[in-house]
Amino acid sequence: MKIFFDLFPLLLFFIAFKYYDIYVATAVAIAASFLQVGLFWLKHRRFEPMHLITLAVIAVFGGLTLILHDETFIKWKPTILYWVLAAVVLASHFVGRETVIQKLLGAQMTLPPRLWHRYNLSWGILFVILGALNIYVAFYYALDQDAETRRNIWVNFKVFGLMAITFVFVIIQAFYLSRHIKPDDTSEGER
């Protein structure tokens, strides 16, 4: 259920785009992001950092899209978001004792420090690549097609392509790191 909650602004963006246009979809995504942050606050009495980062980026770039009536800004939004995440993840190699990924997953896995750094680095590189792929698809892919077709290609890539790449990356990482996941504290004899 958490994944649906995390993705519902993106899903609403996609639905609004398919029924209306990029501007209505952008407004829906902004509203859904505010709703997401508000609902999370009401339920948990805290903010999820990822929700706040996403809200800030969608509010700024989505707002510019709506105010200037220029879809270029909303097309930059995924890249900015991914590159902010990359900067945070990669900077954690040099700041503090633990990397960001280690802080997030340290309770579920035990890894030697060099593997935490390698795992963290792989996520940072993934975020850089995803941001670059978004730029390519948004601004350079299928230049021989009309603007509406290119817009549709980008929205489909943004919603499904970027998510699929991330999902495949997570699966590959899970196989690689599975031997380091802590077993459940209860043994079969205690059940």
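Helices here are DSSP runs of H or I, at least four residues, numbered from the N terminus. The model is predicted, so local features need pLDDT of at least 70 and side-chain atom pairs 80 or more, while totals for chains, interfaces and linings use all residues. Residues are numbered from 1 along each chain as its sequence is written, and side-chain values use heavy atoms, without hydrogens and water.

I found that the side chains of Glu 148 and Arg 151 form a salt bridge, 2.4 Å from N to O. The term means a side-chain nitrogen of Lys or Arg within 4 Å of a carboxyl oxygen of Asp or Glu.

I then followed Arg 151 to Glu 71, its partner in a salt bridge with closest N and O atoms 2.6 Å apart. This pair links distant parts of the chain, 80 residues apart, with Glu 71 in the loop between helix 3 and helix 4. Arg 151 is buried at 15% relative accessibility, and Glu 71 is buried at 14%; Glu 148 is partly exposed at 41%. Buried means under 20% relative accessible area, exposed over 50%, partly exposed in between (1.4 Å probe, protein chains only).

I noted that Glu 71, Lys 75, Glu 148 and Arg 151 are linked in a network of salt bridges.

Last, I checked Ile 22, whose contacts (heavy atoms within 4.5 Å) include Glu 71, Arg 151 and Trp 154, leaving out residues up to four places away in sequence.

How values were computed. Helices (H or I, at least four residues) and strands (E, at least two) are DSSP runs, numbered from the N terminus.
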